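Welcome! Take a moment to turn the model around on your screen, and then let us walk through it together.

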There are 2 protein chains.
Amino acid sequence: MNIKEDWISFIEDLQNRICKALEESDGKAKFVEEQWQRTEGGGGKTRVIAKGNVFEKGGVNTSVVYGEVTEPMKKQLKIDGAKWFACGLSLVLHPVNPFVPTVHCNYRMFELYNEKEEVIDRWFGGGTDLTPYYLFEEDARHFHQTYKNVCDEFDVNFYSTFKKECDNYFVNSHRNNERRGIGGIFYDYQRPDEKHDMQFWVDFGKACGNAFIPSYIPIVEKRKNCSFTAENKYWQEIRRGRYVEFNLIHDRGTLFGLKTNGRTESILMSLPPTVRFEYNYQPLPGSEEEKLQQVCLEPKEWA
Amino acid sequence: MNIKEDWISFIEDLQNRICKALEESDGKAKFVEEQWQRTEGGGGKTRVIAKGNVFEKGGVNTSVVYGEVTEPMKKQLKIDGAKWFACGLSLVLHPVNPFVPTVHCNYRMFELYNEKEEVIDRWFGGGTDLTPYYLFEEDARHFHQTYKNVCDEFDVNFYSTFKKECDNYFVNSHRNNERRGIGGIFYDYQRPDEKHDMQFWVDFGKACGNAFIPSYIPIVEKRKNCSFTAENKYWQEIRRGRYVEFNLIHDRGTLFGLKTNGRTESILMSLPPTVRFEYNYQPLPGSEEEKLQQVCLEPKEWA
């Protein structure tokens, strides 16, 4: 089995395992799958969960797509070649309970070929980041520590580098550089070099992907039965507004997908179910809400 | 009084008149004003209404701003010069009742100067467009006819041209070119020429601005007391999601403002108060909801 086939089967198996773990945690809602095909080549499996006990809305999507390199790709992705291939998993979960954080992750492989269909470039990208509505420091530490442990097995510099990249990526620059949440790890354009061959990056992507369940599910289990008020829900919906702003104004993946004829419903699956936008909303000084906002404005070290 | 001063005083008076008419129609909520200054020059009056009987959220903003022409302006607005000036009114209203349409309008004047502060270019832009959640054909006709009447007084070709520009501007290209609503008029970069001098464009902008109250308030009055169900509200919130998508993904003004250090809260005042995003939501075939969606996919002639 070559690297590409190995990665595809990992991604599809990961989708199955993650969906199973989330359904068990939810206890009510089940994922509904839609398979889709791209006319230009390939397709995917969109799996959506909605109106559950725990998950108000979410999706765990995989895609295996390929095609000719188009002009918008050359421009926006700054790549050059004749054909391309990509395979990845992407998920977003929006819980009902404001004490359970929203989570996003994405792990993907990309290959580029010349006219003779020889591989001329390949790289990996990925990451997982957490968007809480209330800050539980022990949850933040657990989440970051899980990914630090994975990173440390591969390279002791990875965690600090990829944690910083994450903090620098999920930024609402139009909101005083407020972050979408408390981060996690984010890496992109990781290519084989003298130190790290292709198998290294496959193994790293797999280890990160496998860390999703132990990084997130324990937090869900700890918080999913906390009682909450209408005010907590209100605040969650205000913060979800920031999530919408980041995804639609700044997220490269979302914008690239929407502007290059990607599958809109799969791309916008990331948007929260109910959202509030209020003019100049400010949390009360000294409140738990303000504490969360503050940690988004000034990212901290958690591991 | 020169053209610039005349326009500024018109805009500020229009803001007062519109706010008064909307407060009367609402019967409960009052506009709250915030005055703001730009460090680079000028400022504005943001007037916000919220949680009213009729208007769930809205804003009627004016600004009189000026400064040096910056690199992002040269690139994104494709202008060249040393200094600029702009003055305009911009409003968005999101009603509580799903049978009352959302409305947006914007009327503005722009001037460009050389190093000696001589005017080297000036133009007008503006428009008003309606976003209903349910289609009442008589309301659509009333709204369009009001603007057609104004246009016809100035040039018999204006209405058809500016109606088409509006249909072509408020487009969610990522949603099969679905329009944000049923349109109205939209014009930009209107400069004095042999046929139309500067005063002509001032007068046209004033006439359009003055048409706002008679174009919109009668529709509000007719629909504001209609009873509605939770399902009607649900549909309104789904459609508000499309409004968010257009404003954050496609609207040139919003994106330019956010990326050039504009006042975020004034710019994002346009976003609806409560919004729903649901995976692959489809209205029932033959329903009133589908009828509305259809007219957004295929704009019609109303006047």
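Two residues are said to be in contact here if their C-beta atoms, placed from the backbone, lie within 7 Å. Please keep in mind that this is a predicted model.

**Two helices in chain B**

With that idea of contact, look at helix H3 of chain B, and at helix H4 of chain B. On the H3(B) side, B:Tyr147, B:Lys148, B:Cys151, B:Asp152 and B:Phe154 take part in the meeting, and on the H4(B) side their counterparts are B:Phe158, B:Tyr159 and B:Phe162. Sorted by class, this contact holds six nonpolar and two charged residues, with no polar ones. H3(B) covers residues 137-154 and H4(B) covers residues 158-169; their axes come within 8 Å and cross at roughly 130°. The two helices are therefore oblique to each other.

Setting aside neighbours within four places in sequence, B:Phe162 is in contact with B:Gly127, B:Cys151, B:Ile185, B:Phe186 and B:Tyr187. In soluble globular proteins, nonpolar side chains tend to be buried together.

**The sheet and its strand pairs**

Chain B has an open sheet of seven strands, with antiparallel pairing, in the order S1-S2-S3-S4-S5-S6-S9. Strand S1 (32-37) and strand S9 (183-190) of chain B are at the edges with a single partner strand each, so one side of each has no neighbour in the sheet. From one strand to the next, the twist averages 5°.

| Strand pair | Bridges | A bridge between partners |
|---|---|---|
| S6(B) and S9(B) | six bridges | B:Thr128 with B:Ile185 |
| S5(A) and S6(A) | 12 bridges | A:Thr102 with A:Thr131 |
| S6(A) and S9(A) | six bridges | A:Leu130 with A:Gly183 |
| S10(A) and S10(B) | three bridges | A:Val275 with B:Val275 |

In chain A, S5(A) and S6(A) form a hairpin with five residues between them, and A:Glu117 in the turn has a positive phi of about 65°.

**Where the chains meet**

How many residues of chain B are in contact with chain A? There are 24 of them, and they are in contact with 24 residues of chain A. On the chain B side, the elements giving two or more residues are strand S2 (42-50), helix H7 (230-250), helix H9 (264-267) and strand S10 (274-276). H7(B) gives the most, with four residues. By class, this side of chain B has 14 nonpolar, five polar and five charged residues. S10 also links the chains by strand pairing: S10(A) and S10(B) pair in the antiparallel sense over three bridges.

**A closer look at one residue in chain A**

Let us finish with A:Ile18, which lies in helix H1 (residues 3-26) of chain A. Is A:Ile18 buried or exposed? A residue counts as buried if 20 or more other C-beta atoms lie within 10 Å of its own. A:Ile18 has 23 C-beta neighbours inside 10 Å, so A:Ile18 counts as buried. Not counting residues up to four places away in sequence, A:Ile18 touches A:Val60, A:Leu91, A:Phe212 and A:Ile213. A:Leu91 is 73 residues apart from A:Ile18 along the chain, and their C-alpha atoms are separated by 9.5 Å.

Definitions and conventions. Residues numbered from 1 in each chain as written. Chains lettered and ligands numbered in written order. Predicted model: local features only at pLDDT ≥ 70, side-chain atom pairs only at ≥ 80, totals over all residues. Axes fitted to C-alpha atoms, helices over the stretch in contact; angles between N-to-C directions. Parallel < 35°, antiparallel > 145°, perpendicular 65-115°, else oblique. Nonpolar A, V, L, I, M, F, W, Y, C, P; charged D, E, K, R; others polar. Pairing = 2+ DSSP bridges. Buried ≥ 20, exposed ≤ 12 C-beta atoms within 10 Å, placed from the backbone.
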